[in-house]
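The following exercises concern the arrangement of one protein chain. Please study the sequence and the structure before reading each worked solution.

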Amino acid sequence: MADRLTGERLVDDMTVEEKRRAALVEQVLPALRAKAEQADRDGVFPISHIALLRDAGLLGLIVPEEYGGLGGTLRDLAAATYAMGTACPSTALAYFFHNTSASRGLLPLEAIEAGLFADGEVPQVRAFAEKVLRLMSGGTWLANFASESVKSSSANIAIATTAVEVDGGWRLTGEKSFGCATGVADFYLVTARLDGSETADGLAMFLVPRDAPGVSERPEWQGLGMRGTANHGIRLDRVFVPREDALTVPGAFVKMLQCSRGSFVGNQLAITAVYVGCAQGVYDDTLDRLTRKTFADTGRSIAESPMHQVIIGDMTEKLETAYLWLRRQLLLETCEPPIATKSEVYAQWRIAKGSICQAAFDVAMGAFKASGTSGATMNGIVGRAVRDLAMGLVMTFPPERGRLEAASVITSNRANELFASVRG
């Protein structure tokens, strides 16, 4: 199986077309791997990766061919972020967030097909959705900004950024606390609340050029891990967005969510594929080093010592646990016909999300213990993996939260609100 593509370690039943797209990902892995240590050390996204991924056509990986993309699906994206995660988790995470923008194009189009919009609303919805998809397939990097520092006890993400209607468009004011590719992406895809709205029906989406007047970056922060993602966020000070670059049809965001298969607003499970890829990378590196190193007195492999055998066995079990959770979620969200209801898929995702990241982090901690002082460094594959996978526990959220939310869904037989509008 030496000729197997990296992505096939996760998606092991790829079609011919999926293998073709995975081969494009495979070609960029050496360059990602070569810059991984520097990206972590400097805390800067490697700008050369933009052209690398653009030239490979990968910025349009999950954009349908009719809009100029490669025609991939969630299976392709999960395989891609997993493979990139084995090379440079920071780049994989930033790439994941770019691809979440596709849901802002794909899901509105699905909602149109489902008859969720009135005839008079369809032209605006379709125009915005197609613009997002064509930008991506044309090599434009999109940074998807929804999260904010403001919190709500009743929702996973609270939106306080406001949009005020003016002649010819809208003015946005607010602050987005997290979103990869700050200062890197060509456009920011911003979720905001229409001024005066009180409910999720007032949520709207806007395409904001990176260098638009009124756009600035929040101060950079010294993250523990995933340091090469440029995730410090943006500030918006009365930023003008033309009407044609906005989707402000009332209820559009909610209707879009109704077409999502389960994990939030589409493609979300691919973020955990990043962490599983990182865990596989540190597992392989550790096993290789421990197998090659020998004890001076016996000449036997260090990996054969009883302590290391226990640690390796535990790492193996944790890694397989992560794979099982991720593959099950991927099946639930992609199989046709569906084998679970939307509510069941959503509940499964709330548990799977944190459980995958916890298991991946446990693999890194095993590598840390097995490597001894030689692995207890800030740089190197082990040091980076420990820190990157620790960030996974907060970027996705701890498994304890997922279990509580899943229990709420199960006991009340309803999915809690994903977004809330918060008045400034």
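**Exercise 1: Domains**

The area buried between domain 1 and domain 2 is about 2,800 Å², and carbon and sulfur atoms give 65% of it. The model is a predicted one.

Task. State where the domains lie in the chain, and describe how domain 1 and domain 2 meet.

Solution.
Step 1. The chain is divided into domain 1 (6–138), domain 2 (142–258) and domain 3 (260–421).
Step 2. Between the C-alpha centres of domain 1 and domain 2 there is a distance of 20 Å.
Step 3. In the contact, 34 residues of domain 1 face 29 residues of domain 2.
Step 4. The size of an interface is often expressed as the accessible area lost when the parts come together. For domain 1 and domain 2, the buried area is about 2,800 Å².

**Exercise 2: Helix 1 and helix 2**

Task. Determine whether helix 1 and helix 2 are roughly parallel or roughly antiparallel.

Solution.
Step 1. Helix 1 (residues 16–42) and helix 2 (residues 48–55) pack at about 170 degrees, and their axes are 11 Å apart.
Step 2. Angles over 145 degrees count as roughly antiparallel, so helix 1 is roughly antiparallel to helix 2.
Step 3. Helix 1 contributes Val28, Ala31, Leu32 and Lys35 to the contact, and helix 2 contributes Ser48, His49, Leu52 and Leu53.
Step 4. By class, these residues comprise five nonpolar, two polar and one charged.

**Exercise 3: Helix 5 and helix 6**

Task. Describe the packing of helix 5 with helix 6, including the handedness of the crossing.

Solution.
Step 1. The angle between helix 5 (residues 103–113) and helix 6 (residues 122–137) is about 150 degrees, with the axes 8 Å apart.
Step 2. The two helices, helix 5 and helix 6, are therefore roughly antiparallel.
Step 3. The crossing of helix 5 with helix 6 is left-handed.
Step 4. Residues of helix 5 in the contact include Leu106, Leu109 and Ile112, while those of helix 6 include Val125, Phe128 and Val132.
Step 5. The contact has 10 nonpolar, one polar and four charged residues.

**Exercise 4: Helix 10 and helix 11**

Task. How many charged residues are found in the contact of helix 10 with helix 11?

Solution.
Step 1. Helix 10 (residues 342–371) packs with helix 11 (residues 380–395) at an angle of about 155 degrees, and the axes are 9 Å apart.
Step 2. Helix 10 and helix 11 are therefore roughly antiparallel, and helix 10 passes helix 11 in a left-handed crossing.
Step 3. Among the residues that meet are Phe361, Ala364 and Phe368 in helix 10 and Val386, Leu389 and Leu393 in helix 11.
Step 4. The contact of helix 10 with helix 11 has 13 nonpolar, three polar and no charged residues.

**Exercise 5: Backbone geometry**

Task. Where are Pro337 and Met226 placed, and what is to be noted about the backbone there?

Solution.
Step 1. Most residues other than glycine have a negative phi, and most peptide bonds are trans.
Step 2. The peptide bond from Glu336 to Pro337 is cis, with omega near -5 degrees. Pro337 is in the loop between helix 9 (306–334) and helix 10.
Step 3. Met226, although not a glycine, has a positive phi of about 50 degrees. Met226 is in the loop between strand 7 (215–217) and strand 8 (234–242).

Conventions. Residues are numbered from 1 along each chain as its sequence is written. This is a predicted model: local features need pLDDT of at least 70, side-chain atom pairs count only at pLDDT 80 or more; totals for chains, interfaces and linings use all residues. Side-chain values use heavy atoms; hydrogens and water are left out. Axes are lines fitted to C-alpha atoms, for helices over the stretch in contact, and angles run from 0 to 180 degrees between N-to-C directions. Helices (H or I, at least four residues) and strands (E, at least two) are DSSP runs, numbered from the N terminus. Angles under 35 degrees count as roughly parallel, over 145 as roughly antiparallel, 65 to 115 as roughly perpendicular and the rest as oblique. A crossing is left-handed if the near helix is turned anticlockwise from the far one by less than a right angle, and right-handed if clockwise. Contact means heavy atoms within 4.5 Å. Ala, Val, Leu, Ile, Met, Phe, Trp, Tyr, Cys and Pro count as nonpolar, Asp, Glu, Lys and Arg as charged, and the others, Gly among them, as polar. Domain bounds come from an automatic or database domain assignment. Buried area is the accessible area (1.4 Å probe) that two parts lose on being put together, summed over both.
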